[in-house]
Amino acid sequence: MEIKTEVRNYIAENFLPNAPAASIDDAMPLITGGVIDSIGMITLVSFLESRFEVEFMPREIDVHCLDTVERIEQLIVKKLAGREPGVAEGKIQ
Amino acid sequence: MPEAESDLLHEWLRRTAALTPGAPAIVEDDRVTSFRELFEQAASLALRFVEHGIQKQDRIALVLPKTTDAIVSIFASLLAGAIYVPIHPQWPKERIEAVLEDCAARLAIEGDSYPPRIRDCRTGACIPWQAQSTAPASPTDFASVVSLSKADARDPALILFTSGSTGRPKGVVLSHRAVGAFVRWTAREFQISSHDRIACPSPLGFDLSTFDVFNMALCGATCVLVPGDIVWMPRFLVQFLRQARITCWYSVPSILAGMFQEGRFAEHEYPDLRVILFAGEVFPGPGVARLQAAVPQAVCANLYGPTETNVVTWCRVPFDFDGSQPLPIGHPCPYATVTVDAESGELLAGGESLMNGYWNRPEDTQRSFVRLNGKQYYRTGDRVSLAPDSSYLFVGRLDRQVKRRGFRIELGEIEAALARHEDILEAAVIAAEDGRRGTIIAAFVRVRAAGALTLVEAKAHCARTLPPYMAPDHILFVDTISKGSRGKIDYLALGRIAEGLNRGNQDRS
């Protein structure tokens, strides 16, 4: 499934019950728009980490990186691309 | 810990800066500020406040995250004889403005990058953060600052704004003496010294933040600031605790619980950690038992008290605590006097840590205080019972105040915020417990016309008007809100609907 679709489904299911996932467009502000609160942001990150097997750095858990479906996808794509076998990723220094 | 002579919080810093000028006062990531630097920066800023015309007891709002600059601003405000008003920068603009107006702040210090902006709230003019001359304030300058601040220990030192049931946050005015009583007791009871590295992830607007900031000033301990972006990220928090070699920790139980559940706290050892204090909400027994078992060498203690009284009772976790029973809120602190209203079971708390009153709300202040045998007590609104060992047990609330992740919330404030939306005719808000997620807030909303407001719009309205922790988890659009025979909202009936939601039923009634 496409990253955006998975993210949309997760958000609809957890934060906008009864709203169809398709109603969340790519540019809809999720955090600044009040759909996801700060704790919701942490649970979203946990979901993204386990679903896409990536690890977030504290700095990436940020309103600007995660505010829209589009930006979330960009971040995941970047993380997946940067992941090489044998390289421990996302460890903080 | 040597006994401090003064009752004034900024005098503690002056004294410690003279005794151990080179010792680290604040650590913020890679930035270390010594006591000398902290005092010089604060004194120099205080001088600029005074030059700008700041008078004794003027309010200076700190719309800042918990940073070195914010702590400099705290001591600068106090040195100048002003009252500091910490405001969380993540509050919605509307709420920040309301608080600035309510406390009639003379100055607002704001911005999340260096240097902060200092704005005159009346004229809009800005004061530079850094002194024009590069020379540090001279000792004579210090003296002139200090002579300006011959404050009385009963004078207000800070105002903490907390959720108000009528829809507006209310300001709890705390004096030097009130904060001092609590901090001195913790210093003595937990033997805090210059060897300690204290961490407290609570924002400055929380009474918990008086512990680290002022124990630093009193005892020469180091205040190690928790990076704001990891406060709710358990695995990074656990890493921080170990790498920063924290010796004393003070937080709400939710943060500790998160460190156990997702941060794998129990898998590591913390040889430096010797004191863990928690306050602000109920820490369920099993969580407390896991904590004490994971750090057997550390003293763990539950501190209890509303913002209006800071901490008034406490309970040290027994080393063999098994968590099968709730942990009591314990016995009174030596500076506190507590008693129970025999009829309602309400805990009444008085003593040195008591607030002066609510800012600009004489009627609320009067209602919240009661005089017994010539002593002033605050009505906590908390129902308690007495355990066999005469310690107090928390039973519940007498009103509609709830705690969520340690944040204090008046459900009435959420209702008032919702009702300010033009398409909302009526709103009722309830809280329910969800074993996994803790306190869940559900709002029942009756709108002007079907489809007048979407769920996304309603959530956006909450984000604009309420701090993030107050935003409802569920917003349900309903045709009617259940009322009892006298036309009062039937919160019990609404609670049953919400319980259904938490069991995974439909999210719409």
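## Salt bridges within chain B

Arg397(B) is partly exposed, at a relative accessible area of 22%, where buried means under 20% relative accessible area, exposed over 50%, and partly exposed in between (1.4 Å probe, protein chains only). Its side chain meets that of Asp399(B) in a salt bridge, with 2.8 Å from N to O; a salt bridge is a side-chain nitrogen of Lys or Arg within 4 Å of a carboxyl oxygen of Asp or Glu. Asp399(B) also counts as partly exposed, with 38% relative accessibility. The model is predicted: local features need pLDDT of at least 70 and side-chain atom pairs count only at pLDDT 80 or more, while totals for chains, interfaces and linings use all residues. Residues are numbered from 1 along each chain as its sequence is written, chains are lettered from A and ligands numbered from 1 in the order in which they are written, and side-chain values use heavy atoms, with hydrogens and water left out.

Glu426(B) forms a salt bridge with Arg446(B), and the closest N and O atoms are 3.0 Å apart. This pair links distant parts of the chain, 20 residues apart: Glu426(B) lies in strand S25 (residues 424-434) and Arg446(B) in strand S26 (residues 438-447) of chain B. Helices (H or I, at least four residues) and strands (E, at least two) are DSSP runs, numbered from the N terminus. Glu426(B) is buried, with a relative accessible area of 16%, whereas Arg446(B) is partly exposed at 27%. The side chain of Glu426(B) also meets that of Lys483(B) in a salt bridge of 2.8 Å, N to O. Here the partners are 57 residues apart, with Lys483(B) in the loop between strand S27 (474-477) and helix H14 (491-502) of chain B. Lys483(B) counts as partly exposed, at 38% relative accessibility.

## Network and total

In chain A, salt bridges that share partners join Lys4(A), Arg8(A), Asp26(A) and Glu73(A) into one network. Over all chains, a search of the whole structure finds 30 salt bridges. Side chains of opposite charge can pair when their charged atoms come close.

## Backbone features in loops

The peptide bond from Tyr114(B) to Pro115(B) is cis, with omega near -10°. Pro115(B) sits in the loop between strand S5 (107-110) and strand S6 (117-120) of chain B.

Arg245(B) is not a glycine, yet has a positive phi of about 45°. It is found in the loop between helix H8 (234-243) and strand S12 (248-251) of chain B and is partly exposed, with a relative accessible area of 44%. Asn373(B), a residue other than glycine, likewise has a positive phi, near 50°. Its place is in the loop between strand S20 (369-372) and strand S21 (375-386) of chain B, and Asn373(B) is exposed at a relative accessible area of 82%.

Nine strands of chain B form an open sheet of mixed pairing, in the order S2-S1-S11-S10-S12-S13-S14-S15-S16. Two strands pair if DSSP finds at least two bridges between them. Strand S2 (31-34) and strand S16 (331-332) of chain B stand at the edges, each with a single partner strand, so one side of each has no neighbour in the sheet. S13(B) and S14(B) run parallel and are joined by four bridges. Leu277(B) stands opposite Ala301(B) in S14(B).

In helix H10 (residues 285-294) of chain B, the residues Gly285(B), Gly287(B), Val288(B), Ala289(B), Leu291(B) and Gln292(B) are buried. Their cover includes helix H9 (253-261), strand S13 (275-278) and strand S14 (299-304) of chain B.

## Interface of chains A and B

The contact (heavy atoms within 4.5 Å) takes 22 residues from chain A and 18 residues from chain B. About 1,700 Å² is buried between the two chains, with 57% given by carbon and sulfur atoms; buried area is the accessible area (1.4 Å probe) that two parts lose on being put together, summed over both.

Two salt bridges are counted between chain A and chain B. Arg235(B) forms a salt bridge with Glu49(A), with the closest N and O atoms 2.6 Å apart. Helix H2 (residues 38-52) of chain A gives the most to the side of chain A that touches chain B, with four residues. The residues of that side divide into 12 nonpolar, six polar and four charged; Ala, Val, Leu, Ile, Met, Phe, Trp, Tyr, Cys and Pro count as nonpolar, Asp, Glu, Lys and Arg as charged, and the others, Gly among them, as polar.
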